[in-house]
Amino acid sequence: MRPAVARLGRGLAIGVAVVAWAMAAHYTSALVDESSWGALLAIAPFAMIAAAFAWQSARRGLMLALLAAAIVTLALAWPTLARNVGWLYFVQHVGTNALLGLGFGRTLAAGREPMCTRIARTMHGTVSPALARYTRQVTAAWTMFFAGTVAISCLLFAFGTIGAWSTFANLLTMPLVGLMFLAEYLVRLKLLPEDRSSILDAVRAYRRTSPTATPVNEQ
């Protein structure tokens, strides 16, 4: 019981942190012209990911040295960054969704196992032909979702107001991702009623799945 309570508490804490970050990001990108705090908030997610990657890398010394050099470069460019907070959030939003779209899309290439098929294999051990066809379609759907998110973000940033762009990027993107998960789950219940795995099961399997595509013949 305690592990379940701990997982629930950890999930709630992460949810609160994500919502708080999104609200702060919206304020600093849409309502503040110049802000060192906004620039710091925009860079923080990338900095934490880079630090974790560097620490876990087999070439830890080299990666930490590169990270230190990047920090020095950011420090030198800080006045410019603080005056362009909106651009920082734009690059972050477009870059993240482009990488996710590329990560899903490249697994649709010939000779590779689609990302969602691999996730299903992680959950079930084996994948039936029907589930393989379905998960390939789901992989394509996620690829199009991320591509569409990038396109809308670019159009709003280029032709709309910073407030409209920030509302979409900082406040609506995560709920839209949640709706995608929910829609996929409901469609799966209708098309593959024997597959009762939950959205959380898929998220946990995704976290256990390598981000790099593996050729089918190596499965």
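**Exercise 1. Overview**

Of the 219 residues of the chain, what percentage count as buried? Then list the secondary-structure elements.

*Solution.* This is a predicted model, where local features need pLDDT of at least 70, side-chain atom pairs count only at pLDDT 80 or more, and totals for chains, interfaces and linings use all residues. Residues are numbered from 1 along each chain as its sequence is written, and side-chain values use heavy atoms, with hydrogens and water left out.

Step 1. Apply the burial cut-offs: buried is under 20% relative accessible area, exposed is over 50%, and partly exposed lies in between (1.4 Å probe, protein chains only). By that rule, 31% of the 219 residues are buried.

Step 2. Assign the elements. Helices (H or I, at least four residues) and strands (E, at least two) are DSSP runs, numbered from the N terminus. The chain has nine helices and zero strands. From the N terminus on, the order reads α-α-α-α-α-α-α-α-α.

**Exercise 2. Helix packing around helix 5**

Determine how helix 7 and helix 2 run relative to helix 5.

*Solution.* Axes are lines fitted to C-alpha atoms, for helices over the stretch in contact, and angles run from 0 to 180 degrees between N-to-C directions. Classify each angle as follows: under 35 degrees is roughly parallel, over 145 roughly antiparallel, 65 to 115 roughly perpendicular, and the rest oblique.

Step 1. Take helix 5 and helix 7. Their axes come within 8 Å and cross at roughly 160 degrees. The two helices are therefore roughly antiparallel.

Step 2. Take helix 2 (residues 36-56) and helix 5. They pack at about 20 degrees, with axes 8 Å apart. That makes helix 2 roughly parallel to helix 5.

Step 3. Assign handedness. A crossing is left-handed if the near helix is turned anticlockwise from the far one by less than a right angle, and right-handed if clockwise. Helix 5 and helix 7 cross in a left-handed way. Helix 2 also passes helix 5 in a left-handed crossing.

**Exercise 3. Aromatic pairs**

How many aromatic pairs does a search of the whole structure find?

*Solution.* Rings of Phe, Tyr and Trp (its six-membered ring) pair if their centres lie within 6.5 Å; planes under 30 degrees apart count as stacked, over 60 as edge-to-face, and the rest as tilted.

Step 1. Run the search. It gives 11 aromatic pairs.

Step 2. Inspect Phe-90 and Phe-157. This pair is stacked, at 4.2 Å centre to centre and 15 degrees between the planes. Phe-90 lies in helix 5 (residues 85-105) and Phe-157 in helix 7 (residues 129-159), so the contact ties together parts 67 residues apart in sequence. Phe-90 is buried at 13% relative accessible area. Phe-157 is buried too, at 18%.

Step 3. Inspect Trp-142 and Phe-181. Their pair is tilted, at 5.0 Å centre to centre and 55 degrees between the planes. Trp-142 belongs to helix 7 and Phe-181 to helix 8 (residues 162-191), so this pair joins parts 39 residues apart in sequence. Their C-alpha atoms are separated by 9.6 Å. Trp-142 is buried at 7% relative accessibility, whereas Phe-181 is partly exposed at 26%.

Step 4. Ring pairs link Phe-104, Trp-142, Phe-145, Phe-146 and Phe-181 into a cluster.

**Exercise 4. Charged side chains**

*Solution.* Side chains of opposite charge can pair when their charged atoms come close. A salt bridge is a side-chain nitrogen of Lys or Arg within 4 Å of a carboxyl oxygen of Asp or Glu.

Step 1. Arg-121 bonds with Glu-113 in a salt bridge, at 2.6 Å from N to O. Arg-121 is partly exposed, at 30%. Glu-113 is buried, at 4%.

Step 2. Arg-188 forms a salt bridge with Glu-184, with the closest N and O atoms 2.9 Å apart. Both lie in helix 8, four residues apart, about one turn of the helix.
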